[in-house]
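Colleague: I've got this chain open on my screen and would like to walk through it with you. Can you take my questions one at a time?

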Amino acid sequence: MAGTDAKFPIDMSKLQKLVLDPSKPQLSDEQRSALKNNIQIMRDAIVLFTATGAARGVSGHTGGAYDTVPEVNMLLSLFNHSNKYVPILFDEAGHRVATQYLVSALEGHLPWEHLLHYREANSKLPGHPELGLTPGVKFSSGRLGHIWPFVNGIALANRDKTVFMLGSDGSQQEGNDAEAARLAVAQGLNVKVIIDDNDVTIAGHPSQYLKGYDVTKTLEGHGLKVVTVNGEDIDALWGALCQIISHDGPAAIVCKRKMAPGVPDIEGSTHGHDVIPVKAALKYFAGRGYPEELAGNILNNIKPYAFPYLYIGSSKELGANRVVFGEAVNLVLDTLSKEEAAKKVMVIDSDLEGSTGLKAIHQKHPEVFVPSGIMERGNFSAAAGFGFDSEKYGVFSTFSAFLEMVVSEITMARLNFCNVLCHFSHSGVDEMADNTCHFGVNSLFADNGLADTQSWLYFPADPAQMTAVVKRVFFDKGIRFIFSTRSKVPYILKEDGSRYFGDDYEFVPGKDEVIVEGKAGYVVSYGEMLYRSWDAVLRCRQEGLDVGLINKPTLNLVDEQAIRKVGQSPFVLVVESLNQKTGLGSKFGTWLLERGFTPKYGYMGTNKEGCGGLTEQIPHQGLDPQSIILKIKQLSQ
């Protein structure tokens, strides 16, 4: 059998149960041999099943989980030795989820073959660990900086036990970790942190973009006992682990190593942070002496899932709005001299420039670009501080899920009348294989000012509208938010086949746009749900149901003319991928009632935890065109 039907080809029965006693810091020859054996087998397994994510096109992460296998083996051997430890491998880097899945299989919660479905939709193996979803997974993780404070609480609840946490030099950049370190020291918590310091994050190398950052010195400054070792020297690593266990109170090991040591094509590079490409995985197994067909039989027979649906009302051509944002900013900066741009604009990154479109700005306009680390709160406030001068403008960008982390900073920037343009990519749920913890669905939290202040939340529907929005609002005063999705989107087409947001289009903040008039009722949508809603509306119109469609690119302002139009129609249906509890739909009905309009009302949004995969997320939430059509027909009865 081939592909995911194959048997797991690595012989996991060769793993040796190991019990290590921390009172004996010297490894015996037998223990050392068993450790090396287990480390290699587990690393082989991680390379194999994470590479299936590359094969099926859902991405993933190989290097981090591969790195930490030595310390994982040692911790498991400690759990075998004594009940003095909380037997959970807490990990602040949720993208190292392959570790959790490997251990779940090791403990018998999953068959080894199931790991070949890594990040596949409905496999219960999403891109980050989710408690209650995957058998054997003991905690949820995914947003950096959130686990150490949580582990402190575990330690407070288990004063008689030692609690371990796998750390990373990326997550340690978060301000939460500094707070957690101070509490652990102040309370003398028996928290032991083992940090994979591989000098690689998504966008680059901390030693280059965050000069002066030193994990060892930082933790020592907080008061922790810190032992720094070569993470690939298992004798030194075990000795260090014994040291921090014997220490009364919080302590850490900083494991210096290259990312993905010994893995061709990705060792020491940012590519190691992501999923290993299939070709690199096959080269790895060839170098390890495995038969060519061992991995090839699986990886070469897994194909990306193709969503079998032909949309009408939009182009076959797709564009990535999150990338177009950066290109559109460049169009604005191109109108300024380099000197004027550097004086007037500052663009700060949070280690996501390749994901949020800032890379284009970095490449073309380095004079305005500030590379920075995984420090969303501080970076946002730096952008706000730059924009404190009424003639200067800060630009900040990260994933929409992390908007929830900067809500307080947004308030203070508003109270200081700062000029900040925020781009939050990866909004909604479309193609979010990282799953629930990375859903960007609470975007309206940004509109947290009082009624006597104003913010602007924009969600363009396609690349052409994204360009128009950025060019129009870039030099507006105050805080402006622009949202985009991880997924690419098609161009919205008029009924005659031309682009709706063509060369003659002019974006007007606060103005809703009539895509098509309708007498039976209106669908109100925006962003990546507009083309899906347009497809549903057109199919209803083909059946004789005269439904209209409104695009609402400014999410938080009421267009009085447009709301009067839809409010006087028989029904209104809001379709979005934001949280059904907090999105536009939760507000629009109130706006209608405040104005005396009482059409039948419905709203559709994200309403449950994700299913993993990519295009499967939208139908999983009941937001596909057929579901929209069904809701339209229910409201029109």
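**A walk through the model**

Modeller: Helices (H or I, at least four residues) and strands (E, at least two) are DSSP runs, numbered from the N terminus. Bear in mind that this is a predicted model, where local features need pLDDT of at least 70 and side-chain atom pairs count only at pLDDT 80 or more, while totals for chains, interfaces and linings use all residues. Residues are numbered from 1 along each chain as its sequence is written, and side-chain values use heavy atoms, with hydrogens and water left out.

Colleague: What does UniProt list for residues 323-491?

Modeller: The name comes from an unreviewed UniProt entry. UniProt positions are given here in the numbering of this model, feature names are shortened, and annotations may be inferred rather than shown by experiment. With that said, the record's label for 323-491 is "domain: Transketolase-like pyrimidine-binding".

Colleague: How far apart are the C-alpha centres of domain 1 and domain 2?

Modeller: The bounds come from an automatic or database domain assignment, which gives domain 1 (12-300) and domain 2 (314-636). Between their C-alpha centres the distance is 36 Å.

Colleague: And what area is buried between domain 1 and domain 2?

Modeller: The contact (heavy atoms within 4.5 Å) takes 28 residues from domain 1 and 29 residues from domain 2. Buried area is the accessible area (1.4 Å probe) that two parts lose on being put together, summed over both. Carbon and sulfur atoms give 51% of the area here, and the total is about 2,100 Å².

Colleague: How many salt bridges are there between domain 1 and domain 2?

Modeller: A salt bridge here is a side-chain nitrogen of Lys or Arg within 4 Å of a carboxyl oxygen of Asp or Glu. By that rule the overall count comes to 29 salt bridges. Between domain 1 and domain 2, the count is 3.

Colleague: Is Gly231 buried or exposed?

Modeller: Gly231 sits in the loop between β4 (225-230) and α9 (234-246). Leaving aside neighbours within four places in sequence, Gly231 touches Pro70, Leu237, Cys255, Lys256 and Arg257. Its relative accessibility is 0%, so Gly231 counts as buried.

Colleague: Where is Lys552, the partner of Asp512 in a salt bridge?

Modeller: The side chains of Lys552 and Asp512 meet at 3.0 Å, N to O. This pair links distant parts of the chain, 40 residues apart, with Asp512 in the loop between β13 (489-492) and β14 (513-516), and Lys552 in the loop between β16 (547-551) and α20 (560-567).

Colleague: How many residues of α4 are buried?

Modeller: Among the buried ones are Val97, Tyr101 and Ala105. The buried residues of α4 pack against α1, α2, α3 (69-81) and β1 (90-91). The helix is largely enclosed by the rest of the structure, because the buried count is 9 of 10.

Colleague: What is the phi of Lys124?

Modeller: Lys124 lies in the loop between α4 (97-106) and α5 (147-157). With a relative accessible area of 46%, it counts as partly exposed. Lys124 is not a glycine, yet its phi is positive, at about 65 degrees.

Colleague: Last one: is Ser59 buried or partly exposed?

Modeller: Ser59 is in the loop between α1 (29-55) and α2 (63-67). Its phi is near 65 degrees, a positive value in a residue other than glycine. At 26% relative accessibility, Ser59 counts as partly exposed.

Definitions and conventions
Buried means under 20% relative accessible area, exposed over 50%, partly exposed in between (1.4 Å probe, protein chains only).
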